[in-house]
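Subject: Structure for you to look at

Hello,

Here is the structure I promised to pass on. Please open it first, then read my notes below.

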Amino acid sequence: MTVIREVLSRVLFYLFSALIGAFFALPMLWLLLAPFNARGTLALEIPRPFTLANFEAVFANTFAMRALLNSVFIAGGTMLVVTLTATMAAYALSRAEVPYYDLLTYGLILFSSVVTGTAAMVPIFLLANALGLVDTYVGVILTFTGGLLPTAIFILRDFVEGLPRSYEESAMVCGATPWQMVRDVVMPLLQPGMMVVAIWAFVQVWGAFLIPFVLLRTPERMPAAIAIYSFYTEAGTPILTLTSAYALLYAIPVLVLYLFVNARYGFRFFGGIKR
Amino acid sequence: MTQRRPILSMPVGLLFLLPAMVFVAVFLVFPSLWVLWISLTNQTLTGEAALRPRFVGLANFRALFDFENWMVRGYFGNALRNSVLFVIGSALIGQAGLGLAIAWAFYRRRGIWRELIYTLAILAWIIPDVVVAFMWVAYLDRDQGTLNAILSALGMGRVDWLIEQPLLSIIIFNTWRGAAFSMLLFSSALATLPPSYLEAAAVAGARPWQAFRDIILPSIRSHIITDLVLITLWTFNTFTPYLITAGGPTFRSEVVSIYTFRIAFQHFEFGRGAAVAVVMMLINLALALVYLSTLRREARAR
């Protein structure tokens with residue numbers, strides 16, 4: 001009996017694994033094949049002949065290439081602002097006596113959960129309009145920053161709490177100013193945490209569609225998430241050869257960062273990574 | 001922890017907090033209050049009402065809750081109903097159920113299958129929005145799509161998923177897209193359980209299902225609540241389905257986030273758009289308060 005049950009549970013386990021694996025993998029396969037196919041298709045077919053011409057065409061498209069650069073600029077800019085300001089804020093929350101500490105932390109969680117998505121874009125668009133920030137990178141970067149900061153602060157605060165205070169105390173004894181101490185003592189120790197937040201912020205912004213879609217107007221300023229919709233025929237159907245090649249190019253930085261994080265830190269789960 | 005002298009003085013601490021707090025105040029707190037005012041006006045993008053929006057009282061909200069054609073496609077009731085089905089189907093059943101099933105199936109297991117499935121689920125979670133949207137449009141295509149190719153190979157008929165079953169399509173899509181979060185959360189919750197719990201149950205002769213129901217589920221209860229609240233919040237606010245069905249055909253997959261977008265950014269009726277945004281934010285607020293109260297309960301329990 002126990003042998004049968006053992007075998008049965010093994011079979012069930014493999015069946016379950018295969019089904020779940022297929023559920024996740026099947027939609028992705030198209031992106032691995034279509035970019036190398038000379039014929040634009042939505043179907044899953046082995047590219048015959050295998051070609052890199054689609055990528056050549058995409059590389060030759062200056063508009064599409066500039067859009068990737070725009071994405072780097074927007075995601076990189078947000079990453080820098082978020083990481084720096086969140087580090088300082090997290091440090092202050094952990095190491096200074098902050099009045100209304102509980103109110104502040106709960107308020108941050110509350111506002112970042114409530115003011116989100118399309119609902120937030122209605123007032124944010126009008127605010128950007130009033131400040132003259134529509135169709136500017138500053139507007140896009142600051143909007144992303146506001147949304148990402150609360151989570152970034154909480155992730156970093158956990159890292160700061162994990163640091164021994166003795167380094168900072170001896171820096172203080174040696175007469176370092178608070179800013180010198182943060183720059184020369186805390187930030188080097190906090191590098192893993194800052195790295196996690198930087199990568200997280202970059203990936204969030206890199207893949208986002210709604211905020212630049214609402215806030216930007218000029219085609220030349222568009223990031224890749226929106227420029228991908230420019231590979232259309234005059235009849236309005238997507239040119240699948242170019243779209244799929246561009247989609248793969250655009251996804252690669254995220255895949256590379258995932259592999260990097262996985263190899264370097266292991267894709268550990270930070271309790272509130274999306275909080 | 002013993003109370004020690006803070007390393008930073010209060011003024012320096014506040015100075016360090018200042019830049020982050022300014023961004024949060026301007027781009028989160030202020031918009032959430034300003035939207036209340038906009039929702040009481042007839043603000044538009046261009047024309048007279050753009051320069052001098054007029055106070056219209058609760059007219060926008062009355063239009064929203066106009067029960068005359070509340071459930072007619074393209075109206076708010078229809079979008080709310082779609083959102084409820086979308087959240088129940090893709091978040092509460094799809095993501096949480098699948099995430100828990102995977103976490104439980106690979107509980108205390110290592111090996112290639114675990115690596116493979118965790119990697120695939122995480123990739124589905126982190127690939128950019130527009131890229132997953134193109135994948136799924138290709139996947140669900142009536143004539144060439146992979147899903148129909150498999151179904152017809154199994155002898156089943158082809159379905160024009162995005163036209164005939166638009167809501168079901170985005171429900172399955174969003175299950176695929178977000179299951180990784182629940183999977184990771186439940187995996188780390190299960191990892192904290194002492195093995196003796198299950199060994200004791202096995203000695204007592206409990207079946208795996210009984211052990212799961214009577215031991216595992218109660219011990220990760222607070223994680224389950226946290227997970228359900230967060231994925232409900234995110235699923236309710238996600239805009240990605242727009243990239244797959246654009247809410248159509250004829251508003252059949254129009255969820256509230258897409259409805260808001262259409263009113264505010266396609267019709268440019270900001271007053272009405274703000275009224276929907278206020279309703280959305282109130283729903284978010286209710287969910288966030290449930291979340292905060294579980295956080296506080298956990299903090300007190302620790």
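Chain B is built from helices: there are 15 of them, and 0 strands. Please keep in mind that this is a predicted model. The C-alpha atoms of chain B fill a box of roughly 75 × 75 × 35 Å along the principal axes. Of the 302 residues in chain B, 44% are buried. Take the contacts in chain B between residues at least 6 apart in sequence: 69% of them join residues at least 24 apart.

How far can you trust it? The model scores ipTM 0.88 and pTM 0.90. Chain B has a mean pLDDT of 88, and 98% of its residues reach 70 or more. Where pLDDT is low, the coordinates should not be read in detail.

Next, one helix to look at. Helix 9 of chain B runs over residues 166-191, which is 26 residues. From first C-alpha to last it reaches 38 Å, close to the 38 Å expected at 1.5 Å a residue. Where does helix 9 of chain B bend? The bend is at B:G178, by about 45°. Helix 9 of chain B is also mostly covered, with 20 of its 26 residues buried.

Now the annotations. In an unreviewed entry, UniProt marks "transmembrane region" in chain B at residues 12-37, 84-107, 116-139, 175-193 and 274-292. I checked two of these against the model. Residues 84-107 of chain B are 92% helix and 0% strand, with end C-alpha atoms 32 Å apart. Residues 175-193 of chain B are 89% helix and 0% strand, and here the ends are 27 Å apart.

Residues 105-131 of chain A are 89% helix and 0% strand, and the end C-alpha atoms lie 28 Å apart. Residues 235-261 of chain A are 81% helix and 0% strand, with the end C-alpha atoms 42 Å apart.

Last, the place where the chains meet.

Best wishes

Definitions and conventions:
Residues numbered from 1 in each chain as written. Chains lettered and ligands numbered in written order. Predicted model: local features only at pLDDT ≥ 70, side-chain atom pairs only at ≥ 80, totals over all residues. UniProt positions renumbered as here; feature names shortened; annotations may be inferred. Helix = DSSP H or I, 4+ residues; strand = E, 2+ residues; numbered from the N terminus. pLDDT = per-residue confidence, 0-100. Expected span 1.5 Å × (residues − 1). Bend = angle between axes of the 7 residues up to and from the residue. Buried ≥ 20, exposed ≤ 12 C-beta atoms within 10 Å, placed from the backbone. Contact = placed C-beta atoms within 7 Å.
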